[in-house]
Amino acid sequence: DTFYILHRGCIKLLVTDRARQWDDHCAHRLDDGEAFGETSLIAPQAPRPCTAVAAVPTLLLTLKYEDYVTAIARQRSSTKSASSIWTGLLDLIPAIKSEQEDRMKLLQQ
C-alpha cells in the first residue's frame, strides 16, 4: 500500500516463477531517483509482481495509499485530480513509465 522513491541506495526487484522452477530471480535493479510500488496507488488490492530488497543501506521516500486518497479527496474533481497527481508523480521520475513497461514485459515472458 506504498509507493517508494529511491533517494539513495540500490534496490533489487525479485520475481519468483514456480512454473518455470526458479526462485527470486533479480528482474531489475533500481538506483537513486528510481521508484517502485506504483501499482499500490492505483490498484491497492492487486498482487505485487515483484519483491523489493535493499542491496545496500538505502533511503526511501514514501507515499502511502491513504495519503494519496486523502490528497485526491480534497480536490474538487477527484477524477481529474487523480490523473494530475499520478501524472505529477510520474513527472518526478521520468524513467518509471518505460521501466514499468519493461518490468511487465519481463514478467510476461
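1. How many aromatic pairs does the structure hold? The structure holds 1 aromatic pair; rings of Phe, Tyr and Trp (its six-membered ring) pair if their centres lie within 6.5 Å, and planes under 30 degrees apart count as stacked, over 60 as edge-to-face and the rest as tilted. Tyrosine 4 and phenylalanine 36 form this stacked pair, with 4.9 Å centre to centre and 15° between the planes. Tyrosine 4 belongs to strand E1 (residues 2–8) and phenylalanine 36 to strand E4 (residues 35–36), so the pair links parts of the chain 32 residues apart — strands (E, at least two residues) and helices (H or I, at least four) being DSSP runs numbered from the N terminus.

2. This is a predicted model, in which local features need pLDDT of at least 70 and side-chain atom pairs count only at pLDDT 80 or more, while totals for chains, interfaces and linings use all residues. Residues are numbered from 1 along each chain as its sequence is written, and side-chain values use heavy atoms, leaving out hydrogens and water.

3. Phenylalanine 36 is buried, at 10% relative accessible area, whereas tyrosine 4, at 26%, counts as partly exposed (buried is under 20%, exposed over 50%, partly exposed in between, with a 1.4 Å probe and protein chains only).

4. An open antiparallel sheet has 3 strands in the order E4-E1-E6; strands pair if DSSP finds at least two bridges between them. E1 and E6 pair over 6 bridges, and leucine 6 stands opposite leucine 60 in E6.

5. The largest nonpolar core has 6 residues, including Phe3, Ile5 and Tyr68 (such a core joins buried Ala, Val, Leu, Ile, Met, Phe, Trp, Tyr and Cys residues through side-chain atoms within 4.5 Å).
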